[in-house]
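My entries are below, in the order in which I made them.

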Amino acid sequence: MQIKYSFSYWGSEQLTPTQFINAITAEGFEGAELFLTGDRITDEFLLAIEGARKLNPDFYFITLQLPFPKENTVAAHIQVMEENFKRLAELNPLFINSHTGKDYFSFDENSRIIDAAMNFSAKNGIRILHETHRGRFSFHAASLIPYLDRFPQMELVGDFSHFCTVSESMLEDQQQIINRILPHVSHIHARVGHEQGPQVSNPQAPEWQGHLDQFIHWWQQIITIKKQSGQSLFTITPEFGPTPYMPTVPFTQEPLSSQWDNNVFMKNHLKSLLR
């Protein structure tokens, strides 16, 4: 199975789309994960991606759907979400990564939102993956299981750092729960979290080696499951973020490490390990 790595624009907004795409392709990334806000930046990215595809016809991009409804209701959430899906689907991304629902909506309310996303996906022929993320329906490993039972075809963007933070553990006592989730993960956000936060200060630091090893173990399990199912392509986005995800020095607010370097390291490290 071929594993391809993409780079998130999150934290690199100081670069123009062309500068960003040129920089990540120079580092060996084969795709980009983009939160596209507005026509101008969208058009600029599409032109930059078209340029990248002249050198690598298989260069891909993923788009991110974040709903910001004016009214905090399920109906408003669905309306904004579907409007976002329609706009993003027209761009023909590899798939849409959706931040779906809310942690305080009921199971039935979140299920209405997920059902709307599933219907849009089926009617429009676009894959929609739902990110495991704090604040969303998927914020907690155990409470995610009933949704997977109700929607067995659901695909996830796996970011297990959120599970660790919410459960204040490395999920040592939740392996059976994690085993239920792993087969649904179709894209990985390769960020290493810990018991007290979604991002370690530097994944190369020896004090975080055990946490890095645990996340790589989960990621390899996902890759193995996909290979056994006959899947030919899998995508990963190293996703160490900027402040406030990135820990900083008090008062000066200097980042404790380089976000860019962390993501490049993670890509290279995983390329040497994941099979």
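**Source.** I am working from a predicted model, in which local features need pLDDT of at least 70 and side-chain atom pairs count only at pLDDT 80 or more, while totals for chains, interfaces and linings use all residues. Residues are numbered from 1 along each chain as its sequence is written, and side-chain values use heavy atoms, with hydrogens and water left out.

**Barrel.** I took helices (H or I, at least four residues) and strands (E, at least two) as DSSP runs, numbered from the N terminus. Two strands count as paired if DSSP finds at least two bridges between them. I found a closed barrel of 8 strands, in the order β1-β2-β3-β4-β5-β6-β7-β8, with parallel pairing. From one strand to the next the twist averages 30°; axes here are lines fitted to C-alpha atoms, for helices over the stretch in contact, and angles run from 0 to 180 degrees between N-to-C directions.

**Strand β5.** I looked at residues 128-131, which form β5, and asked which of them are buried. Buried means under 20% relative accessible area, exposed over 50% and partly exposed in between, with a 1.4 Å probe and protein chains only. I128 and H130 on one side and L129 and E131 on the other are all buried, so both faces are covered. On one flank, β4 (residues 96-98) pairs with β5 in the parallel sense over 3 bridges, and S98 stands opposite H130. On the β6 side (residues 156-158), 2 bridges join the strands, again in parallel, and E131 stands opposite V157.

**Crossovers.** I noted that β4, α4 and β5 make a right-handed β-α-β unit, and that β5, α5 (residues 141-150) and β6 make a right-handed one too. Right-handed means that, with the strands pointing away from the viewer, the path from the first strand over the helix to the second runs clockwise.

**A116.** I looked up this residue in α4 (residues 107-124). At 11% relative accessibility, A116 counts as buried. Leaving aside neighbours within four places in sequence, A116 is in contact (heavy atoms within 4.5 Å) with I78, M81 and E82.

**Strands β7 and β8.** β7 (residues 185-189) and β8 (residues 233-237) pair in the parallel sense over 3 bridges. H187 stands opposite T235 in β8.

**Helix α8.** I found α8 (residues 209-228) lying across β1 (2-8), β7 and β8, at about 150° to β7. Its 20 residues reach 28 Å from first C-alpha to last, close to the 28 Å expected at 1.5 Å a residue; the expected span is 1.5 Å times one less than the number of residues. Its buried residues include W218, W219 and F215. Seen down the axis, the buried residues of α8 fall within an arc of 160°, so they line one face of the helix; the arc is that of the directions from the helix axis to the C-beta atoms. The cover over them includes α6 (161-167), α7 (175-181) and α9 (259-273). Just after α8, G230 takes a positive phi of about 90°.

**Helix α9.** I noted 15 residues, reaching 21 Å from first C-alpha to last, close to the 21 Å expected. Among its buried residues are F265, M266 and K267. What covers the buried residues of α9 includes β1, α8 and β8.
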